[in-house]
Amino acid sequence: MRAFQFQQNIDLPPAAALARERLRTFLSNELAKGRFVPHRGSWSAFDPAFSERAGAAGFIGVTWPKRYGGQDLPGLARFVIAAEMLAAGAPCGAHWIAERQSGPQILRNGSERARQDILPRICRGECFFGIGMSEPNSGSDLAAVRTRAKPYKDGWVINGSKIWTSNAHRVHYLIALVRTGEAGPDRHGGLTQFLIDLAAPGVTVRPIRDIAGKHEFNEVFFEDHFVANDMMVGAEGQGWTMVTEELAFERSGPDRFLSDYRLLVELVNRVGPNPDDRQAIEIGRLVAHLSALARMSRSVAGLLQDGKAPNVEAALVKDVGTAFEQEIPAVARRLLPTQASLEDEDDSFSEALADAILRAPSFTLRGGTREVLRGLIARGLGLR
Ligand SMILES: Cc1cc2nc3c(=O)[nH]c(=O)nc-3n(C[C@H](O)[C@H](O)[C@H](O)COP(=O)(O)OP(=O)(O)OC[C@H]3O[C@@H](n4cnc5c(N)ncnc54)[C@H](O)[C@@H]3O)c2cc1C
């Protein structure tokens, strides 16, 4: 199966171009050895052994300082590595969140102990993270979080719960947003982020099954869970600013338009070298959109590399990118009417289509819903 190498027209610093070449060789070797089958939901596919090999080969946390296990490469090296991993369908879900947002957050705002202890393990592909933002009655309205931490001896005691916590049953840590003080008139005050060790006493994880019957989500309960002071990320009360900055990392990357990339590849392969006019127009349009999205995402990666907080630009990439992801299964159905089935292992197109149909509704929910993003973009453009 040939991959569409969509970043080819993007200018890259030499170190990033070199990282991309090294990664392509690594992934070809992995495929040749049968170590993974290109996976449709690449960044949702949880394979700790793959992450460990990717870490050992130097493909995780490449932009972080060498003293914390990184390689001091430019931010765009991370961008191309992420895009290539997804385009190849590599099962990079175990280390994805840690590398995309938790590690950068610890690097910017964590205690020195947390940096030294955790970042090198993330780079080695041995330490994984989840996101502890949403709560019952606090999804889009994040300022409504009710999980509370109270000071106790040299740390804090946390009580409350989180919901929709992807992979909490198999990652090591969460970064959780909790209330530590008064909310203030805009409700953005009194929020603080903590590193939560999921194996520590006072934390219970319960599964939630999704529409496809899979166990990726969880509920996480905190009952008198103690965290030491140096597990606080940033200063007390800074949580809102940090969480909104973190969302720029979460929303702008290639994972926001490549979730269905394997289905697009399957579609192109199935249509073959002689598409009819309608197929050529529809597929051509998708590929043109993909190209534009890659450029938008790359621009935001450049802003992040310069230390900026492009929250509105990131929201735009996610909104347009997830609409594109949702369109791929719709186009595939129009062009090649097929009985989509997860059971049909002999028909990779039918299986990929069924998987995409089941997963697509979540694309415009996870990481912030479409309506909320559009509100944010409108405010950024001065329209409301
Ligand atoms: C696959 C997946 C993985 C996830 N993983 C995680 C995770 O690991 N960690 C985590 O913390 N969370 C996670 N989430 C939760 C996700 O962030 C929330 O589902 C999302 O923020 C929406 O919150 P909600 O579900 O409470 O919906 P609500 O906020 O109740 O929204 C319901 C509907 O109302 C609309 N709405 C709400 N407010 C407004 C408004 N102000 N203006 C216009 N419309 C509005 C929304 O757009 C939506 O259509 C995940 C979700 C999914 C689907």
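Figure 1. The ligand is surrounded by 16 residues, of which Ser134, Ser140, Trp164, Thr369 and Glu371 are the closest; a residue is counted as near a molecule or strand if one of its heavy atoms lies within 4 Å of it. Sorted by class, the shell consists of six nonpolar, eight polar and two charged residues, where Ala, Val, Leu, Ile, Met, Phe, Trp, Tyr, Cys and Pro count as nonpolar, Asp, Glu, Lys and Arg as charged, and the others, Gly among them, as polar. Residues are numbered from 1 along each chain as its sequence is written, and side-chain values use heavy atoms, with hydrogens and water left out. As this is a predicted model, local features need pLDDT of at least 70 and side-chain atom pairs count only at pLDDT 80 or more, whereas totals for chains, interfaces and linings use all residues.

**Figure 2. Polar atoms facing oxygen atoms of the ligand.** A polar side-chain atom of glutamate 371 lies 2.5 Å from an oxygen atom of the ligand, and a polar side-chain atom of serine 140 lies 2.6 Å from an oxygen atom of the ligand. From methionine 133 it is a backbone N or O atom that lies 3.0 Å from an oxygen atom of the ligand. The ligand taken alone exposes 970 Å², and the protein buries 61% of that; accessible areas come from the Shrake-Rupley method with a 1.4 Å probe, and for residues only the protein chains shown count as cover.

Figure 3. The structure holds 24 salt bridges, each defined as a side-chain nitrogen of Lys or Arg within 4 Å of a carboxyl oxygen of Asp or Glu. In one of them, arginine 115 pairs with glutamate 112, and their closest N and O atoms are 3.0 Å apart. The two residues are three residues apart in helix α5 (residues 112–123), and are therefore separated by about one helical turn; helices (H or I, at least four residues) and strands (E, at least two) are DSSP runs, numbered from the N terminus. Arginine 115 counts as buried because its relative accessibility is 17%, whereas glutamate 112, at 36%, counts as partly exposed; buried means under 20% relative accessible area, exposed over 50%, and partly exposed in between (1.4 Å probe, protein chains only).

Figure 4. Arginine 24 and glutamate 21 lie three residues apart, about one turn, in helix α1 (residues 14–32), and their side chains meet in a salt bridge with an N to O distance of 3.6 Å. Arginine 24 is buried, with a relative accessible area of 16%, while glutamate 21 is partly exposed at 38% relative accessibility.

Figure 5. The side chains of arginine 285 and glutamate 282 form a salt bridge (3.1 Å, N to O). Both residues belong to helix α8 (residues 277–305), where they are three residues apart, about one turn of the helix. Arginine 285 is partly exposed at 31% relative accessibility, and glutamate 282 is buried at 11%.

**Figure 6. Aspartate 355 and its side-chain contact.** Aspartate 355, in helix α10 (residues 348–363), counts as buried because its relative accessibility is 6%. Its side chain is joined to that of arginine 359 by a polar contact of 2.8 Å.

Conventions
Polar contact = N/O pair within 3.5 Å; in protein donor to acceptor, adjacent residues only side chain to side chain.
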